Amino acid sequence: MAFGDRVLWSGLDLDVAPGEFLAVLGANGAGKSTFLKAALGQQRLTAGELLVAGRPPGRGSRAAGYVPQQKSMDAATPLRARDLVALGIDGHRWGLGRRRADHRRAVADALAAVGATDYADAPVGLLSGGEQQRVRIAQALATDPQLLLCDEPLLSLDLGHQRAVSAVIDRRRREHGTAVVFVTHEINPVLDLVDRVLYIANGQHRLGTPAEVMNSATLSELYRTPVDVVTVRGRIVVVGTPDHASGSARHHPDDHQHHDHPALRTTARSGR
Ligand SMILES: Nc1ncnc2c1ncn2[C@@H]1O[C@H](COP(=O)(O)OP(=O)(O)OP(=O)(O)O)[C@@H](O)[C@H]1O
């Protein structure tokens, strides 16, 4: 993937399995958001191919749900949490008036799944950052996508809300086999969930378990400068990169064999 002669990554062959949690790390400008845009069908790869649930990603596809970077919503916005989630569903299946009850139930279920029932009728602009984030996740999950794409979903949340939001995402992938691609600067809050890390820097990438990627040798090679990775009380601290990032090892892939395709596949060459 390149913009002009600026290469963000190349030679990336990646299958994200149903239920897998992939953390995407890298310095500012490395290409993390571009990777998400490619998976959303908003950015064409300069070379190679990317498939979501076996198909090219596209506008209106229900195969992928997206949790955008958190921007706090205007306090004056007239939308209720319930309306925001309905936006995630509308225009797909519930066009007809007689199916309104189904529609209402789907919205209520999505809100309940993230624990947002209590504030379903509150104006979203008045909710806390963590509450807003849960509602965004409910919106992204409302169509039961096979792939959940998250852009820094924990940014600006306190520790308690980080845990609550991560737990919602974790439960979803375990119970529904939803694959998660999670862009983050800070891997420690999701340390226990991460199956694999895609680390992008300097137009290159490394892909592997946290232990395989988050070590001094691998990151020093990737950044072409000495980088120290140390563990402090179970958290991994990275020192010496232009950006801070961290991670640790824990592997517990869930087996969700009922899907025919990887939730996300990207290959360096087109046509497989
Ligand atoms: N449409 C575009 N045209 C040209 N260059 C682009 C375009 N989109 C992104 N870029 C450039 O590609 C690089 C990667 O951008 P991207 O937003 O993917 O980085 P990122 O890893 O998400 O960074 P951050 O951590 O700062 O959000 C940046 O240098 C950016 O300026």
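Gln204 sits in strand S10; helices (H or I, at least four residues) and strands (E, at least two) are DSSP runs, numbered from the N terminus. Gln204 counts as partly exposed because it has 18 C-beta neighbours inside 10 Å. The scale is this: 20 or more other C-beta atoms within 10 Å make a residue buried, 12 or fewer make it exposed, and anything in between is partly exposed, with C-beta atoms placed from the backbone. Gln204 touches Trp9 and Leu222, not counting residues up to four places away in sequence. Contact requires C-beta atoms, placed from the backbone, to lie within 7 Å. The C-alpha atoms of Gln204 and Ala30 are separated by 9.1 Å, although the two are 174 residues apart along the chain.

Asn202 lies in the loop between strand S9 (196-201) and strand S10 (204-208). Its phi is near 55°, a positive value in a residue other than glycine. Asn202 is partly exposed, as 16 other C-beta atoms lie within 10 Å.

## Model and confidence

This is a predicted model, in which local features need pLDDT of at least 70, side-chain atom pairs count only at pLDDT 80 or more, and totals for chains, interfaces and linings use all residues. Residues are numbered from 1 along each chain as its sequence is written.

The protein averages a pLDDT of 86, and 88% of the residues score at least 70. pLDDT is the predictor's confidence in each residue, from 0 to 100. For the complex, the predictor gives an ipTM of 0.96 and a pTM of 0.87.

## Overall fold

The protein has seven helices and 13 strands. Of its 272 residues, 39% count as buried. Among contacts with a separation of 6 or more, 69% join residues 24 or more positions apart.

## The ligand shell

The ligand is surrounded by Phe3, Leu8, Gly26, Asn28, Gly29, Ala30, Gly31, Lys32, Ser33 and Thr34. A residue is near the molecule if its C-beta atom, placed from the backbone, lies within 6 Å of it. Helix H1 (residues 32-40) gives the most to this shell, with three residues.

The shell divides into three nonpolar, six polar and one charged. Ala, Val, Leu, Ile, Met, Phe, Trp, Tyr, Cys and Pro count as nonpolar, Asp, Glu, Lys and Arg as charged, and the others, Gly among them, as polar.

## The nonpolar core

The largest nonpolar core has 71 residues. Such a core is a set of buried Ala, Val, Leu, Ile, Met, Phe, Trp, Tyr and Cys residues joined through C-beta atoms within 7 Å. Ala39, Ala138, Leu147, Val181 and Phe182 have the most contacts inside it. Beyond four places in sequence, Val181 contacts Val16, Leu22, Val24, Leu36, Ala39, Leu147, Leu149, Cys150 and Leu264.

Val24 is found in strand S4 (residues 21-26). Val24 counts as buried because it has 25 C-beta neighbours inside 10 Å. Leaving aside neighbours within four places in sequence, Val24 is in contact with Lys32, Phe35, Val181, Phe182, Val183 and Leu198. The C-alpha atoms of Val24 and Val194, 170 residues apart along the chain, are separated by 10.0 Å.

## Helix H4 and its surroundings

Helix H4 (residues 129-141) has 13 residues. From first C-alpha to last it reaches 18 Å, close to the 18 Å expected at 1.5 Å a residue. The expected span is 1.5 Å times one less than the number of residues. Eleven of the 13 residues are buried, so H4 is largely enclosed by the rest of the structure. Among the buried residues are Arg134, Arg136 and Ala138. The cover includes strand S6 (64-67), helix H2 (81-89), H3, strand S7 (147-151) and helix H5 (159-176).

Gly130 also belongs to H4. It is partly exposed, with 19 other C-beta atoms within 10 Å. Gly130 touches Leu157, His161, Ala164 and Val165, not counting residues up to four places away in sequence. Its C-alpha atom is separated by 30 Å from that of Val230, 100 residues apart along the chain.

## The S7-H5 loop

Glu152 is found in the loop between S7 and H5. It has a positive phi of about 50° although it is not a glycine. Glu152 is partly exposed, with 17 other C-beta atoms within 10 Å.

Technical notes: Two residues are in contact if their C-beta atoms, placed from the backbone, lie within 7 Å.
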